[in-house]
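Work through the exercises below with the sequence and the model at hand. Each task is followed by a solution in steps.

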Amino acid sequence: MDFTVKHALPGRIRVGYDKKKISRRQAALAYSLLSVQEGMTDVSVNYTTASFLIYYDTGKLTEKHIQAYFMALSGKYLNNQEMLDSVDEPAEQGSLLFDLACMTVWHYAKQLLPAPIRLLLQIYTLAPRIMKGLGTAASGGLFKSDVLDAAAISMALITGDRKTASNINFLLNIGDTIEEFTKKKSYSDLADRLLSQNDQVQLVEGDSERTVPVKALQKGNIIAVRTGSVIPVDGTVLRGEGLVNQASITGEPLAVEKRTGHTVFAGTIVQEGELFVEVRATGSQTKVQNILTMIDNSQQLKVSSQIRSERLADSLVKYNFLLSLLTFLLTRDIRKVMATLMVDYSCAMKLASPIAVLSAMKEAAENGIVVKGGKFLEDASRADTVVFDKTGTLTAAAPRLARIISLDGRSEEEVLSVAACLEEHFAHPIATAVVKAAEARGILHPERHAKVEYIVAHGIATTLEGKKLVIGSRHFVFDDEKVRKPKGLEKIQKEALRNGESLLYLAEEKELIGIFAVNDPVREDAPHIIRKLHQSGIQNCVMITGDDEGAAQNAANTAGIDQYISRALPEDKFKFVEEQKKQGHTVIMIGDGINDAPALAAADTGIAMGDCADITGETADIILSRADGLEGLYKTRVLGRRLMEKIEGNNRGIVTVNTSFMLLGLFGVISPSLAAILHNASTVAFSVSAMKPVLTSSD
């Protein structure tokens, strides 16, 4: 592949290519091939400027490595029809400056044409706008901006001033082009922000595997997912076995066993093991379609401030006509009348408000928050009640060793050392909790045992100094391994149940020597976020969970929750949200599991945590980043409030500025053409202002 390095810095390089030799589809294929190379952290391609921008890990790659990759992109790959068919033809990227330049050249160049042709062209270009205004008026929209524009052009034609009519139409076309480009750019920026182009997965092809982007997967493909990896698709396990953390679906922090024939879901995590999954529905396809649908729907889910803007803009049109009529009666000056007709509030208000909403949605995405419509930001900003799920929402679904019950005369340190020695080889979340607890206490656990036998989803068996050791679940230890139950075991189990703890049992030669109580602690940031929510005007923070009273009370007290409800079923969450709404409260519901979906749908704003179940993500109005935890909830509230302030502030500015232009036209200070220029310029200025971010680093 012929290429040139345009500029390079450590970790960043821009590479240009020849558009005459490399087609857009070939460049898209090159992008796909480059984006999966190890060490490249981000790859993007600009088809207009014919260049790749690559960010890379300097610990793994150098500039020479990048150049070597481009040199390797020969016709063997770029001319391979099968590979070319695997990528979509990139859409043409429009250029606003080019479009405006063409419009300007054509507007003035046609003045050189013979008079009859000029007349025909004027009729051809002016008629659509006049007919559009007449159609709007005929359908009952007499006081609309389309009618104002048609009236100004018609008045110029009636007075025989065809040049002014043509200039006004040209300026209106310029304004329409800029508005359309601005709106499309907002849509494009939001979509680009929400789509992840570099997600990768192991595609199985016969006896070999290769790394491909998730977006390249198709139904029927087979992928390999191993310990620590997120399952990127919905599918069926063909072979292998492992433990999958489905907290996002079930609401429980403990992993479940998956083996041949079982169904797995996108967003769940393989805690341990290896699964070969046949793709049923790809996350990338679903994500792309959902994002496009979401952006379209977001325009239907308008915030009330946006709706008020549009209604205000329409209501002010009649005053434009009244002012124009008054101007004509007092001055009999058609040019002054046209100048007042050329200025209205509708364009700026109807463009700036939706752009502000799209900009806020994009800014939310930059902070790891997916918002499906501006209405939900507004509802979140004025909410007074937040209802929390517990597992995976107030807690991080990351088990921690809470206490140790040592038996048979053993010390806590002794049984913890043995347990950690066995568990350190496995990535099960409870095993990790035991190993971390040993490290925190400074306990050494040198390997003195024989090779361990691991029984997936049950436990571990091995020998130590000639004695058999087993560690695992109650079913494995007492039912399968027939370990004797000591006195007081039932009391320990009941206490753990009250505290919301899971128990891990350690036995030696059929005698129980230790019990480890593991819980799912409240997120570290939860108390801080609850306080900030209260300070922002939230009156009541409620936790509803299916856990027992003890676990619920402990979590609520730790997080600073105002009210909690334990042993709740999914329908109980739904009923509580409905009752709060009937009492006049605006409710946010936040959860992550399938059991939260009914309540999320019922709430004014349903918020799902990251890596939530598919149905939960579909039901939720807003999805938070898992990495940021609950911080995203507070950011959502702040973003919503500032969006409302921005829209209202823009509306006040639009009324002030355009009223000034009307008065200048009324007194003959500006001509109709200049009024049109100033009006369009102010519309663009307010639209640009609407794009500015509202969150700060301190939020």
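**Exercise 1. Describe how α25 and helix α26 pack, and which residues make the contact.**

Step 1. Helix α26 covers residues 672-690; α25 and α26 pack at an angle of about 165°, with their axes 11 Å apart. Helices (H or I, at least four residues) and strands (E, at least two) are DSSP runs, numbered from the N terminus. Axes are lines fitted to C-alpha atoms, for helices over the stretch in contact, and angles run from 0 to 180 degrees between N-to-C directions.

Step 2. α25 and α26 are therefore roughly antiparallel to each other. The classes of angle are: under 35 degrees roughly parallel, over 145 roughly antiparallel, 65 to 115 roughly perpendicular, and the rest oblique.

Step 3. The crossing of α25 and α26 is right-handed. A crossing is left-handed if the near helix is turned anticlockwise from the far one by less than a right angle, and right-handed if clockwise.

Step 4. From α25, the contact (heavy atoms within 4.5 Å) takes Lys646, Asn650, Gly653, Ile654, Val657, Asn658 and Phe661. From α26 come Leu678, His679, Ser682, Phe686, Ser689 and Ala690.

Step 5. By class, the contact of α25 with α26 has 6 nonpolar, 6 polar and 1 charged. Ala, Val, Leu, Ile, Met, Phe, Trp, Tyr, Cys and Pro count as nonpolar, Asp, Glu, Lys and Arg as charged, and the others, Gly among them, as polar.

A note on the source: this is a predicted model, in which local features need pLDDT of at least 70, side-chain atom pairs count only at pLDDT 80 or more, and totals for chains, interfaces and linings use all residues. Residues are numbered from 1 along each chain as its sequence is written, and side-chain values use heavy atoms, with hydrogens and water left out.

**Exercise 2. Find how α20 and α14 are each placed against α25.**

Step 1. Helix α20 (residues 526-535) and helix α25 (residues 631-666) have axes that come within 9 Å and cross at roughly 15°. That makes α20 roughly parallel to α25. The crossing of these helices, α20 and α25, is left-handed.

Step 2. Ile529, Lys532 and Leu533 of α20 meet Glu631, Leu633, Tyr634 and Arg637 of α25. The contact of α20 with α25 has 4 nonpolar, no polar and 3 charged residues.

Step 3. For helix α14 (residues 374-382), the axis and that of α25 come within 7 Å and cross at roughly 105°. That makes α14 roughly perpendicular to α25.

Step 4. In α14 the residues are Leu377, Glu378, Ala380, Ser381 and Arg382; in α25 they are Thr636, Arg637, Leu639, Gly640, Arg641, Leu643 and Met644. This contact of α14 with α25 has 5 nonpolar, 3 polar and 4 charged residues.

**Exercise 3. Give the strand order and the edge strands of the open sheet of 7 strands.**

Step 1. The order is β12-β24-β23-β22-β13-β20-β21, and the pairing is mixed. Two strands pair if DSSP finds at least two bridges between them.

Step 2. β12 (370-371) and β21 (563-565) are the edge strands, each pairing on one side only.

Step 3. Within the sheet, β22 (residues 587-591) and β23 (residues 605-608) pair in the parallel sense over 4 bridges. Ile590 stands opposite Ile607 in β23.

Step 4. Helix α22 (residues 570-582) lies across β13 (385-388), β20 (540-544), β21 and β22, and runs at about 160° to β22.

**Exercise 4. Which strands pair with β19, and in what sense?**

Step 1. Strand β14 (residues 400-406) pairs with β19 in the antiparallel sense over 6 bridges. Arg403 has Ala517 of β19 as bridge partner.

Step 2. Strand β18 (residues 502-508) and β19 also pair in the antiparallel sense, over 7 bridges. Ser502 stands opposite Val518.
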